[in-house]
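Biologist: Hey, can you walk me through this one? I'm new to reading models.

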Amino acid sequence: MSEQKQSVRVAVLIAATGLAIAVGVGVAMHRHQPESAPPLPDTAAADPAGTTIPAEAPATTIREHSALFSSGGERPIEARTPDATETRLEKLEGLVGEIAREQRQLTAVIARLAAGETEAEPKPAAPLSPVERAQLADQQALDQANYVSETHLEEAVDPDWAPEAQESVYAMFADEALEGFTLTSADCRASLCRIEMGLDEAIPGPEAFRKLQQNTPWDGAGFVEITMDPPGAVLYLAREGASIPEMSDSAE
Amino acid sequence: MTATNRSLARVARTAACLALIIGAGVAEAGDRKVYPGEMGVKWSGPNPVYKTGAIGNPSSTSWMYVDLPVINDDTGSGIDYSYVAVVDRHYSSDVRCSINTAYWNNTADTFYGYWGPNRYSTGSSGNQQTLSTGSASHGSTRHEYFSCLIPPTYSGNVSYIISYTVDE
């Protein structure tokens with residue numbers, strides 16, 4: 001596997017070097033053109049398309065003529081003043097210098113790899129033990145639950161939705177399908193309802209989860225935290241079209 | 001510009017484009033998997049029928065409840081998007097699916113679960129429909145599955161879950 005990785009790395013480095021050389025050569029060739037450009041052909045006969053650019057043509061005319069010959073993906077050549085060209089060339093020279101430096105570094109790396117040396121890589125972090133991994137996972141779950149709770153608390157109450165949503169929640173718990181679930185409180189705001197309940201001890205967590213999902217009063221996303229001791233649950237039910245707040249991966 | 005210079009410039013331009021294309025491809029490569037509906041597990045209702053990798057409900061009277069397991073092999077990332085391909089051949093009832101995640105916190109003796117909004121098929125035909133079940137990133141170490149309901153047959157026509165897709 002490490003040989004394969006090394007081969008891929010060498011291939012990538014060679015490709016990058018080729019690209020750097022191609023760009024560098026292209027720019028260098030452009031920079032070292034003769035100061036006086038060869039004269040433009042002065043007769044229409046020399047131009048198979050029948051268009052001739054006068055020597056003193058205004059910039060717009062040059063652009064128009066350039067556009068005639070450019071394919072769809074190419075930009076027309078723009079007329080520039082000598083100062084602007086010089087500034088641009090200076091920038092390009094700087095870029096060429098950078099490319100040359102990177103090329104030398106890449107060449108050195110390729111030479112080392114070809115000689116069988118391995119690139120100095122940062123030492124990988126020690127893998128987590130099963131206990132540490134479980135602790136991290138527990139913490140992530142707890143953080144996510146806290147994040148949803150905090151988001152709910154920050155919401156204002158939407159009078160057009162919250163009272164009606166709460167009525168639906170009361171009706172949900174009055175249904176015999178949720179026998180063994182005892183509604184403690186319901187707090188609906190702008191996009192989330194926080195629904196706290198007690199649970200019959202005989203209802204295991206996954207079964208409680210399933211029953212809650214199957215009996216929600218509207219088609220909203222849900223996030224539930226079910227505790228075993230004492231048996232109870234807190235369900236956050238999102239308004240239709242809204243979502244349960246998710247901690248981003250980077251924040252976990 | 002001479003012909004040589006033009007050629008070199010073209011080579012440079014082409015190389016740059018190739019590098020950009022390759023780079024973009026690498027950056028966008030996620031972990032996408034398509035699972036056959038046949039991997040679904042019925043947890044309530046009639047026994048399923050299987051057909052060319054799909055799972056269907058052969059009952060003329062009962063709904064079938066199916067969980068579709070997902071392999072979470074990128075534990076550093078959530079689900080970026082997911083969808084279920086179904087065939088709904090019932091005149092008035094729909095196939096329904098949501099993406100779910102579940103996690104047991106042993107330290108606190110707590111179960112955490114998430115379900116996404118339900119997505120429904122529409123109409124009735126032999127054509128495949130796609131239910132976009134969305135993303136799920138509620139903790140990166142939980143397990144994931146789809147929860148689906150398949151309606152009974154209508155005039156002998158069976159509804160199916162064809163496949164399901166997850167991009168991590």
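This is a predicted model: local features need pLDDT of at least 70, side-chain atom pairs count only at pLDDT 80 or more; totals for chains, interfaces and linings use all residues.

Biologist: OK. How many helices and strands are in chain B?
Modeller: Chain B has 1 helix and 12 strands. Helices (H or I, at least four residues) and strands (E, at least two) are DSSP runs, numbered from the N terminus. The order from the N terminus is α-β-β-β-β-β-β-β-β-β-β-β-β.

Biologist: And what share of chain B is buried?
Modeller: Of its 168 residues, 42% count as buried. Buried is when 20 or more other C-beta atoms lie within 10 Å of a residue's own, exposed is 12 or fewer, and partly exposed is in between, with C-beta atoms placed from the backbone.

Biologist: What about contacts within chain B?
Modeller: Among contacts between residues at least 6 apart in sequence, 73% join residues at least 24 apart. Two residues are in contact if their C-beta atoms, placed from the backbone, lie within 7 Å.

Biologist: Which strands does E4(B) pair with?
Modeller: E4(B) pairs with E3(B), residues 49-51, in the antiparallel sense over 3 bridges, and Tyr50(B) stands opposite Ile55(B). E4(B) also pairs with E12(B), residues 159-167, antiparallel and over 3 bridges, where Gly56(B) stands opposite Tyr160(B). Two strands pair if DSSP finds at least two bridges between them.

Biologist: What's up with Thr52(B)?
Modeller: Thr52(B) has a positive phi of about 45 degrees although it is not a glycine. Most residues other than glycine have a negative phi, and most peptide bonds are trans. Thr52(B) belongs to the hairpin of E3(B) and E4(B), which has 2 residues between the strands.

Biologist: Is Thr52(B) buried or exposed?
Modeller: Thr52(B) counts as exposed because it has 9 C-beta neighbours inside 10 Å.

Biologist: Where is Ser155(B), and what is its phi?
Modeller: Ser155(B) sits in the loop between strand E11 (143-150) and E12 of chain B. Its phi is near 55 degrees, a positive value in a residue other than glycine. Ser155(B) is exposed, with 9 other C-beta atoms within 10 Å.

Biologist: Switching to chain A. How confident is the predictor there?
Modeller: The mean pLDDT of chain A is 72, and 57% of its residues reach 70 or more. pLDDT is the predictor's confidence in each residue, from 0 to 100. Over residues 25-80 of chain A, pLDDT stays under 50, and the model has 35 contacts beyond four places in sequence for that stretch.

Biologist: What does E4 of chain A pair with?
Modeller: E4(A), residues 231-238, runs antiparallel to E2(A), residues 192-199, with 7 bridges, and Gly198(A) has Gly232(A) as its bridge partner. E3(A), residues 222-228, is also antiparallel to E4(A) and joined by 7 bridges, with Phe223(A) partnered by Tyr236(A). A hairpin of 2 residues joins E3(A) to E4(A).

Biologist: Which peptide bond is cis?
Modeller: The bond between Asp229(A) and Pro230(A) is cis, with omega about 0 degrees. Pro230(A) lies in the loop between E3 and E4 of chain A.

Biologist: Which residues of helix H6 in chain A are buried, and what covers them?
Modeller: In H6(A), residues 205-214, the buried ones are Gly205(A), Ala208(A), Phe209(A), Arg210(A) and Leu212(A). Their cover includes E2, E3 and E4 of chain A together with E7 (96-105) and E8 (110-115) of chain B.

Biologist: Last one: what does Gly113(B) touch?
Modeller: Gly113(B), in strand E8 of chain B, touches Phe209(A), Val224(A), Asn100(B), Thr101(B) and Ala102(B), not counting residues up to four places away in sequence. Gly113(B) counts as buried because it has 25 C-beta neighbours inside 10 Å.

Notes. Residues are numbered from 1 along each chain as its sequence is written. Chains are lettered from A and ligands numbered from 1 in the order in which they are written.
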